[in-house]
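Dear colleague,

I am handing over the structure below, and I would be glad if you could read the notes that follow with the model open beside them.

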Amino acid sequence: MHKQPLVRLGLLAGRVRCFSLWLLMVSLGCQAYETPQRVLFGGDAEFPPLEWTEKNQAKGFNVELAREVARVGGSKAEHQLGNWPDMMRALEEGRIDVMPMYYSAERAKRFIFTHAYYYPSHSIYALPGAVRVSSVDDLRGHKVAVEQESFAHQQLRISSVQPELVVVPNTVSAIEALQQGKAEYAVLTSLAVEKLLSQNDWPLERMGAPFWSRGYAFAVNKNKPELAEWLQDSLSETIASGRYQQLYEKWLPELEPSAANNSLIKSLWLGLLVAAVFLLIGVGWYWSIRRTVALHTRELRDALTQREMADHELRYLANFDAQTGLAKLQYFIEKADDYFHSHQQPVKQEKEILIVKLVDLDVIVRTFGFSRAELVVNAFASHLVKLPDAMAAYLGRGVFAIFTNKCNAQVLLDHLMTDMSNSDPGLNSQFVGGSAYWPEHGRSAGKLMRHAETAMAMSVARRRRWMAYETAMEPSRLDLDIISIFIDGNVQGIFPVFQPQLDLRTGKITSAEILVRWQHPRLGFIPPNVFIPLLENSGLIEQVTAQMIDEAVRVAVLLRKRNLPCAISVNIAAYDLIETNLGEIINQALVRYQGLASDIKLELTETSVASDPQRVKQILLELSELGVYASVDDFGTGYSSLSYLSLFPIRELKIDRTFVSDMIGNPRNHSIVRSTILMARELCLTTVAEGVEDDQTLQLLKKDGCDLAQGYVIAKPMPEVEFIEFMRAHAAQVFDVSQFMKR
């Protein structure tokens, strides 16, 4: 009995933020692709039996699998093997298309991965006589050879052990480093080293048991999502058709050398039987030989039993999560696809994949600790195991998948919530779900998983308990184009406009707000309310913010030099505050143009202030020390409390246009505006009313004591040249508010 090959779904991770990862994953599920005529696969030239070069020809299991996957997908595979670090660079730069490698979260930021198709392990190697080590933790203080840019190299760089690394270009070089005394130990893929040792008779010993068993998958250049989708579909079809199993069995003696030992066991059995016959001839030795044969027979039987038990345990550990006892993702996908392939026509029972997320798990970790969160996860998993006619999988971080007959998911979730409450109220949790149906939403488990994840993400975004997948949930083509443009960094057509703010006490223009506009060469004009929220949610807004800060400082300095001082406000997103070095961006702009801190103001939304109060407070205090102060934009529409006004160094409130625009005809809104002005005055804060569109509103704001006004009644947003001319034309003029209207 030998191990079956394992298949799992590769996860897309990046550190473009969660939303962009989700969006890219969804885009893979919704875009059609063209079959490539040829695909260039890379690999390591010295990594048998997975891949190696022999007489200038690419050989190995990975090579033959790539050719079969390409053939199944209607394409042709070509190979280019070399030193591993060189091939990693070639993949990242797009000089090759695909390369098989260990999956890791760090690599998922750089590449798109398919399902894993094989699970090799790592081991520690040394020369005979070396001090034995049993784990990576024992390598502290030792010289350790690793292949550059390998999974082991990545793990040891970030580990707390931090041995002295001897970085080499390939596995053979690592072995040579041991033989030459340049390193004491090497951490390498066991399969490749054992093969090289058997070929070359090198005196090397493995220390301890294998570890770091990781999924091996095809990695695709990040800029080729359509190729990744084609490759995934082709790999899935190769597995489903049985071609992968045939290829695996062909390479089995190489991939699992222990499997080849079965022939040795059979020979031993035959030898024992023959020996028993001859030994029986000697009467004097009969009882002694009988005992010997029985002993060896029992030892062989025990060895075979232990091997079967070990194989069974390995298969279980590979297929089921140790913490929850639920299926792992690759096994869940495999079993669901098995069902789909055997029940294609006619469809008698519709099926459902339901993704459920424990949405408050992070809060439980922060409040009660990780062990408490594990108890909640295990409790929820125990109820999933009891579901009739269903299979459940644990995907990690409080996310579960359920494969069941199409049902009323709302009722199912209510049932699970009741079970959780009744069994242990102290382990309760809130959860949301999303469903996709077979065959309505797709005929493969991978596609249904993507659609169910989309529905679940939409449930979270819309604050719903559960939603079923709809095609309308897919991102628009424009959204995908915008994300792609900003990820590639090839952003063209972004420019600023400026809207003046009138000081109602003096009648002068003393400040303005910079606003972003986008006229793309191909996409045309894209409104800010389309691309700004998309960039904020996907963690790409930093590029726009940095450009607007730069433009604001430049124009403010230009006006000050013309004796037209004007502080310019810049909108700052939550991501800018928490995830970027905002202070450094501002400081660089001030140094570049010889600006003053008073040249700019930061406008923050209430939701961005409330996203991480302690972190925001620290950043705003640092900026205030530079002399840059902040304003709360859209005040009254967010989720923050009044306590933030005393917690943060804020000097200005900007009253939202929804209250200002109809304060004449809506007494309730007028009361809100007036109360906000009075409160701000008590707190020594400046008030700005935005969205002022008529003279009557302007006069009422002045009467109520508002400090600044912004809106079409004063001026519409203007390009830089018009704005500077506007400032010059009104510089010497003190306006009577009742007469100040932009005509």
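Two strands are taken to pair if DSSP finds at least two bridges between them. Please keep in mind throughout that this is a predicted model.

With that criterion, there is an open sheet of three strands in the order β2-β3-β4, and its pairing is antiparallel. The edge strands are β2 (46-47) and β4 (57-59), each of which pairs on one side only. Strand β3, which covers residues 51-54, is joined to β4 in the antiparallel sense over three bridges, and Thr53 stands opposite Ala58 in β4. In general, the strands of a sheet pair through backbone hydrogen bonds, in either a parallel or an antiparallel way.

Two or more lining residues come from each of the elements β6 (98-102), α5 (151-158) and β11 (185-189), and β11 gives the most, with three residues.

What is the make-up of the lining of the largest cavity by class? The lining has nine nonpolar residues, together with four polar and four charged ones.

With best regards

Key:
Residues are numbered from 1 along each chain as its sequence is written. This is a predicted model: local features need pLDDT of at least 70, side-chain atom pairs count only at pLDDT 80 or more; totals for chains, interfaces and linings use all residues. Side-chain values use heavy atoms; hydrogens and water are left out. Helices (H or I, at least four residues) and strands (E, at least two) are DSSP runs, numbered from the N terminus. Ala, Val, Leu, Ile, Met, Phe, Trp, Tyr, Cys and Pro count as nonpolar, Asp, Glu, Lys and Arg as charged, and the others, Gly among them, as polar.
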